[in-house]
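Colleague: Thanks for sitting down with me. Could you show me the model, and then I will ask my questions?

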Amino acid sequence: MRSDRTPRRAALAIALASLLTASAMPALAQEHPKKIRIGVIGAGNIGGTIGSLWVKDGHEVMFASRHPETLAPMIAELGPKARAGTPEEAITFGDAVFVAVPYKAYPDLSKDLASSLAGKVVLDAGNATQKRDGALFDEVQANGIGTTSAKYFPGAKLVRAFNAANYKIFAKAGANGGKDRPGGRMAIPIAGDDPAALNVAEGLVRDAGFDPVVVGPLKDADKFAITSPGFGHEATAPELREKLGLGK
Ligand SMILES: NC(=O)c1ccc[n+]([C@@H]2O[C@H](COP(=O)([O-])OP(=O)(O)OC[C@H]3O[C@@H](n4cnc5c(N)ncnc54)[C@H](OP(=O)(O)O)[C@@H]3O)[C@@H](O)[C@H]2O)c1
């Protein structure tokens, strides 16, 4: 009898345990969200700032420079989850790529890197200004910032992100996972055409210490482009949704 009941009890215990494990999974997944590898092209003000916030959250980040050796002090300060490489190496490394270079460099970047970026989730921080970007600024005025970026990175799963404020604001608001910001986490407007890429971008915005607000498809990135009324708001997600007329 006894030898017959013990395996049944064990089977019951295993079934119960797997049920409990399954029900605990979503909570665990939220507590420990997946960390991915991120390639950051352009480790200047914005790339250095947002990339560092990702490293502090536990992501592995490769910061790219045309002269990677110049990034050694920053990498040493950030520790083992940070490394330096060339733009090509950062694209290969990254499950997602963050582009943070002057907009006027996009045509050159496109020649060198567009084929490697095709198929990748690419978060695009670039803004075009008349003074700095000349002809590229005119192109953006004519066609829109999302359409212009998509032209230079054909086939990339592009999401506009971290465009609408200064890097010093991001550094302060995103510190300590955004927890120290009075009034709640700062919202980051994002726009993209690929739902899966938007999903990845939303997660990365959260991991940097902000709340994402999906404004719409790539063409709607103009709603928070530099000089637009949607630019420069230090707002929470509900406040930003209201300012951009997105409803609740
Ligand atoms: N600064 C901000 O507050 C802010 C906020 C939102 C959006 N943005 C936008 O983000 C972009 C970057 O701005 P930033 O202020 O971070 O500029 P930045 O400090 O000058 O850094 C840009 C980096 O891009 C790299 N770079 C320049 N030309 C390149 C090229 N042809 N190919 C590859 N890499 C190149 C440079 O790295 P190496 O020389 O080491 O290769 C440089 O470190 C701009 O489009 C800007 O409008 C900036």
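Colleague: Leaving aside neighbours within four places in sequence, which residues is P154 in contact with?

Modeller: First, a word on what we are looking at: this is a predicted model, where local features need pLDDT of at least 70, side-chain atom pairs count only at pLDDT 80 or more, and totals for chains, interfaces and linings use all residues. Residues are numbered from 1 along each chain as its sequence is written. Two residues are in contact if their C-beta atoms, placed from the backbone, lie within 7 Å. With the neighbours within four places in sequence set aside, the contacts of P154 are A114 and A118.

Colleague: How far apart are the C-alpha atoms of P154 and A118?

Modeller: P154 sits in the loop between helix 8 (145–152) and strand 6 (157–160); helices (H or I, at least four residues) and strands (E, at least two) are DSSP runs, numbered from the N terminus. Along the chain, P154 and A118 are 36 residues apart, yet the separation of their C-alpha atoms is 6.4 Å.

Colleague: Is E234 buried, partly exposed or exposed?

Modeller: E234 is found in the loop between strand 8 (211–216) and helix 11 (237–243). A residue is buried if 20 or more other C-beta atoms lie within 10 Å of its own, exposed if 12 or fewer, and partly exposed in between, with C-beta atoms placed from the backbone. E234 has 16 other C-beta atoms within 10 Å, so E234 is partly exposed.

Colleague: How are helix 7 and helix 8 oriented to each other?

Modeller: Helix 7 (residues 135–143) packs with helix 8 at an angle of about 120 degrees, and their axes are 7 Å apart. Axes are lines fitted to C-alpha atoms, for helices over the stretch in contact, and angles run from 0 to 180 degrees between N-to-C directions. Angles under 35 degrees count as roughly parallel, over 145 as roughly antiparallel, 65 to 115 as roughly perpendicular and the rest as oblique. Helix 7 and helix 8 are therefore oblique.

Colleague: Which helix gives the most to the shell around the ligand?

Modeller: The ligand is surrounded by 24 residues, each near it, with a C-beta atom, placed from the backbone, within 6 Å. Helix 2 (45–57) and helix 5 (106–117) each supply at least two residues of this shell. With three residues, the one that gives the most is helix 2.
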